[in-house]
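Thanks for coming, everyone. Today I want to talk about salt bridges. Take a look at the screen first.

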Amino acid sequence: MTRDGVDPAIMDLDHDKSVASQMNVELVDKGPPLKEDEKYQKYFKMLKMGLPMGAVKNAMTRDGLDPDIMDLDHDKSVASQIEVDDDDDDADDGPPLKED
């Protein structure tokens, strides 16, 4: 496999899923960093003013936002940090590895 320019580690992947769905591809971060996102600026201002994280999360819940967003990396966009459900068969668009 190495001679043909193919990574031999591919044989360790799940043969019933596509290669594309199993490769660790780094997503391009296209959105603004979380701390600069207009939707969340209010809450970062609260943190700068000295409010505890719990109070900020309560305010987010009150405003109808997911408070767990504040646990993400503040220097990356929200979109780049949201987990993709690996059990979702609709996200696996490619052919199974055993048919490649």
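**Salt bridges in the model**

Start with aspartate 75. Its relative accessibility is 49%, so aspartate 75 counts as partly exposed. Keep in mind that this is a predicted model.

Which side chain does aspartate 75 meet in a salt bridge? The partner is lysine 35, at 2.7 Å, N to O. This pair links distant parts of the chain, 40 residues apart. Aspartate 75 sits in the segment after α3 (53–62), and lysine 35 sits in the loop between α1 (19–22) and α2 (41–48). Lysine 35 is also partly exposed, at 40% relative accessibility.

How many salt bridges does the structure hold? Four.

Next pair. Aspartate 63 and lysine 42 meet through their side chains in a salt bridge, 3.1 Å from N to O. Lysine 42 is in helix α2 and aspartate 63 is in the segment after α3, so this bridge ties together parts 21 residues apart in sequence. Buried or exposed, or in between: where does aspartate 63 fall? Aspartate 63 has a relative accessible area of 34%, which means partly exposed, since that class runs between 20% and 50%. Lysine 42 is partly exposed too, at 45% relative accessibility.

On to aspartate 71. It forms a salt bridge with lysine 57, and the closest N and O atoms are 2.9 Å apart. Lysine 57 belongs to helix α3, while aspartate 71 lies in the segment after α3, so the pair ties together parts 14 residues apart in sequence.

Last point, on shared partners.

Note on methods. Residues are numbered from 1 along each chain as its sequence is written. This is a predicted model: local features need pLDDT of at least 70, side-chain atom pairs count only at pLDDT 80 or more; totals for chains, interfaces and linings use all residues. Side-chain values use heavy atoms; hydrogens and water are left out. Helices (H or I, at least four residues) and strands (E, at least two) are DSSP runs, numbered from the N terminus. Buried means under 20% relative accessible area, exposed over 50%, partly exposed in between (1.4 Å probe, protein chains only).
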